[in-house]
Amino acid sequence: MNEAYVYDAVRTPRGKGKSSGSLHEITALSLGTQVLQAIRDRNELDTAMVDDVVFGCVSPVGEQGGDIARIAVLNADYADTTAGVQVDRFCASGLEACNMAASKVMTGEADMAIGGGVESMSRVPMGAAGGAWSSDPQIAIKSYFSPQGVGADTIATKWGFSRDDVDAFAVESQKRAARAWKEGRFAKSIVPVKDQMGGIRLDHDEHMRPEADMQSLAALQPSFLGMGAMGFDEVIKQRYPELEKINHVHHAGNSSGIVDGASAVLFGTKEMGERFGMKPRARIRAMASIGSEPGIMLTGPTDVSLKALKKAGMNPEDIDLYELNEAFASVVLLMMHNLNIPHDKMNVNGGAIAMGHPLGATGGMLMGTMVDELERSGKETALITLCVGAGMGTATIIERV
Amino acid sequence: MKLETFSFDIDADGIAHAVFDVPGRSMNTLTGKAVADIIAFTQEVATNDAIKGLVISSGKASGFCAGADLGEMGDRAGSGGSSEPKSEAETKKAQFDAGFSLNKTLRQLETCGKPVAVALNGLALGGGLEVALAGHYRVAANDNPKLQFGLPEAKIGLLPGAGGTQRLPRLVGVQTALPLILQGESFDAEKALAMGVVNELAPSSETVAKAKAWVKANPKAKAPWDEKGFKVPGGVPHRAPGAGQVMTMANAMLHAKTYGNYPAQLNILSCVYEGIMVPIDAGLRIETRYFINTQQRPEAKAMIRSLFLSTQALSKGGNRPAGYPKYELKKVAVIGAGLMGAGIAYVQAKAGIPTVLVDVSMENAEKGKDYSRKLVEKDVSRGKLTQEKGDALLALITPTTSYDDVKGADLVVEAVFENEELKAKITKMAEEQLGEEAVMGSNTSTLPITGLAKASKRPANFIGIHFFSPVERMGLVEIISGKETSEATLAKTIDYVLAIRKTPIVVNDSRGFYTSRCFGTYTREGMEMLAEGIKPAIIENVGRQCGMPMGALEVTDSVGIDTALKVTRATAEAMGADVQGDERTQFLAWLVEDQGRVGRKAGKGFYDYNEKGKPERLWPDINKMIEVKVDECPPALKKELTHRFLVRQAIEVARCFEEGVITDARDADIGSILAWGFAPYTGGCASYMDLIWGIKPFVEEADRLADKYGERFRPNDLLRDMAAKGEGFYDRFPPGGEKAKAAA
């Protein structure tokens, strides 16, 4: 088995995922194209040597449909021989795409492959791809389908995270993201998005609210109270009868933001790096995916992290940096609680609560953030993971080289 | 063509007229014969060139058709049908073909190219409405206040299997159709017109003519869904934005309300979801498959049997001893104008029975009548009752303090406090005023009737009449025969209960009789769980989720924890246990005597209550005394607790059968559902053992629970004997069978 090395990682800034967002005027194809062009140009790649591009995309319909990865490859003027494939593991699609690209390198299917993803949530709304889970009675009822936010609130209720706990976490996320931007910690990866004239359309994450504090968050109404009252609280209590009632603590300020963006991570064998004079930045130590109880939906990160750690022969304390997608504050608090992870190892540069979660693209962005941060801080190992719809988790452990 | 249930004529214009009129029945139902006739005339209409169109109507004043014949259906439900050895594929094909026959025929009628109109002068329910929906045009009477339409199949564990799940959503949209099919509520002609379920309203004398006129004017009718470019109103899931959301919410709402306990309703959702995405012919096949799947569930057989057949039989006097003339009630006295007495007086007056309401003071007696005044006022203000009729109702109630007014009563219901001495005194005072034939009834929920009858000079005329609170809303009355109670008195009492439009069950004397005794096991099992350290929320949620109307702790609050304490102390004493040392008693005493948490009436018990008397939250300090040892409830534990709750109640019911307290399986089932809300999807406690488990597996499970949790779960000899003989409760205790013997 080959080692898979990370040679580079890029991402777009994240635009607000609504019609007033800066990236609303930029197609999903263009977002995907721009990261592919950037990673090619920065590394002076001979794209004929890139075997495959794996892109996560969670709403692969309309302009994002029909294998956006291959279409972006073509639009980025890669060699005709570079293949492309789009994958969907809901919120972990981008990380799954990286893991698949790395696996291709490890098995020898590819010598060089790109992982990442693209999601224009302002142009192709979340849920646009439909799906059987919530609508087909045979599975919805059997698996206690409830919206993610109700699951996140259920986690908070079951493990006793109060509204103050989740709000405090959100405030810290904003602070960390603001500091990271201020100190240029994302500078290595950020590729400003260009518009139709070639001008800069967006060069920073525009969802952030660094001024957020406990007072301002306290004013926000819980987002999932209404859904809960319409029946989902009773549904989830059938899977968790120990809960008298669901404490709805999540709102727009302590949940991930809806944004547009794209990411790309370049994987290759050692030989490829030597041949093209690229310095490997990190090595894949372990990868894993797992299924978890689907009703509560978002408890997968703990189990998948343990699974990946076991494969790597490591313990939770051996990891220097954890990056868990901030889908909801309670998801991160739960994993910190379960694996006894100190907050100063977790999401050191903030996360999706501050910067947003462009579904299919996020996993690749998190990988890039960790590669940059390991180099900046001189630390050795990082574990990247995301909670996933329908009850799953995906994780990757990387090591600086 | 020879038809038995329809007449069939063709007029000079070539318009055929099929009149639905099942001989010897007051109401049309879709019997096997009726279906065969529909198949026959459909062939005729489709193939006879002389026929230009068809009008269907009813020859019954009662309406068009009440739906499937549930007697026939009940026989088929709950099993795979044919007992002939066939391959699985052959069996399934035969079942499908049989189940699909009416669907196939109605679809043939709908697509034969000739217009079909239906005149609906009265109710059209279930299969009746489904037949009507297969026509191209429906005219309903606008002058029949009793006319109602609906698809009530789900209420008895079935689903509409003659196109209802396909045509109704295509006609009115998924969002409008789903609640109608899932909840089975009926709707009137106006609403039917507004939704588009019928096309036109007319006086009943003109509906047939209007239908004919439409047929004449529309020689090439097609159903909307057979037109090119047809769109389902509101859209199809996954095809139109938002249309999938309708299913998502419908799934959640059903799951939230019924806890996934009703297979029929899940299958209804699936019929609509899967069927609406494909052409109607495929949708009809999907519906038939789900119909057969549903019909074969034990829940379907249990629900049809209990919720329809047995309920109907008992509310028509099915458990009344034969051979006694109908007892006319010209005057009934109610003694004690408290909550129960006041309610009893109201239901009597509502049924037109002159009622004397006796209490010790005129103030009390008037207060008792005020209960009726308030109910009448409410009904009048809501337009449910005219002022005139309300006044007439109230005029039937005579409040009094004098026993002279009891004179000449055909029946007395004594409804004073549960105090033997007081009851004895009142029995004596009342009987002085009564004739030899009059019935002396005591409304008690626990005191043995045989003991109370000792105060009576005519113990043969003495009987227990146990009402449930609130009387005007609870449909059941438990009649208790004492040792000396005569069959004639029982027959009279049943006539009384039927006259006030309640459903009677008949039981024999025992402490707590049937309902109070068995119901008590539910709350006691909850207390056992609490004592084991199971988190209260788990006890309450699992109780509701397994189909009980309330959590066990909430029920205890409603009854009163002080009452529970009294009973626990009395039981411990009777069993010679150390009352002071008993942990449960100590715990209840702490709640009642130290904390003043006596239950809902005090606004605090296991729950804290708001000012409206609704539970706000479980009292957080319950576990000050009992350490929580189980604070998670994964599916395996939930299943275990569910079995503990339901099996415990059923075991007590089996003991009542063995002791002769109850002698008719129908009384056991209907009593358990109507008196204490035992999980209705099971068909009641007896059917739960018979059908949901089967007696042999039930005995095995009860033995397992007894080994693990205690002898309270141990099956009795009766159950073991039934298991050995392969008998069910409806075999061993058939309608009316043992009653005479047991009463003797």
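## Annotated span of chain A

In residues 5–228 of chain A, the end C-alpha atoms lie 45 Å apart, and the span is 40% helix and 15% strand. The coordinates belong to a predicted model. The UniProt record, in an unreviewed entry, lists residues 5–228 of chain A as "domain: Thiolase N-terminal".

## Positive phi in chain A

A:Phe90 has a phi near 45 degrees, which is a positive value in a residue other than glycine. The residue A:Phe90 is placed in the loop between β4 (83–87) and α3 (93–107) of chain A. Because A:Phe90 has 21 C-beta neighbours inside 10 Å, and a residue is buried if 20 or more other C-beta atoms lie within 10 Å of its own, A:Phe90 counts as buried.

A:Tyr144 also carries a positive phi in a residue other than glycine, with a value near 55 degrees. The loop that holds A:Tyr144 runs between α5 (137–142) and α6 (148–158) of chain A. Is A:Tyr144 buried or exposed? A:Tyr144 counts as buried, because 23 C-beta neighbours lie inside 10 Å.

## A cis peptide bond in chain B

Turning to chain B, the peptide bond from B:Ser469 to B:Pro470 is cis, and its omega is near -5 degrees. Where in chain B is B:Pro470 found? B:Pro470 is in the loop between β15 (462–467) and β16 (476–481) of chain B.

Conventions. Residues are numbered from 1 along each chain as its sequence is written. Chains are lettered from A and ligands numbered from 1 in the order in which they are written. This is a predicted model: local features need pLDDT of at least 70, side-chain atom pairs count only at pLDDT 80 or more; totals for chains, interfaces and linings use all residues. Helices (H or I, at least four residues) and strands (E, at least two) are DSSP runs, numbered from the N terminus. A residue is buried if 20 or more other C-beta atoms lie within 10 Å of its own, exposed if 12 or fewer, and partly exposed in between; C-beta atoms are placed from the backbone. UniProt positions are given in the numbering used here, feature names are shortened, and annotations may be inferred rather than shown by experiment.
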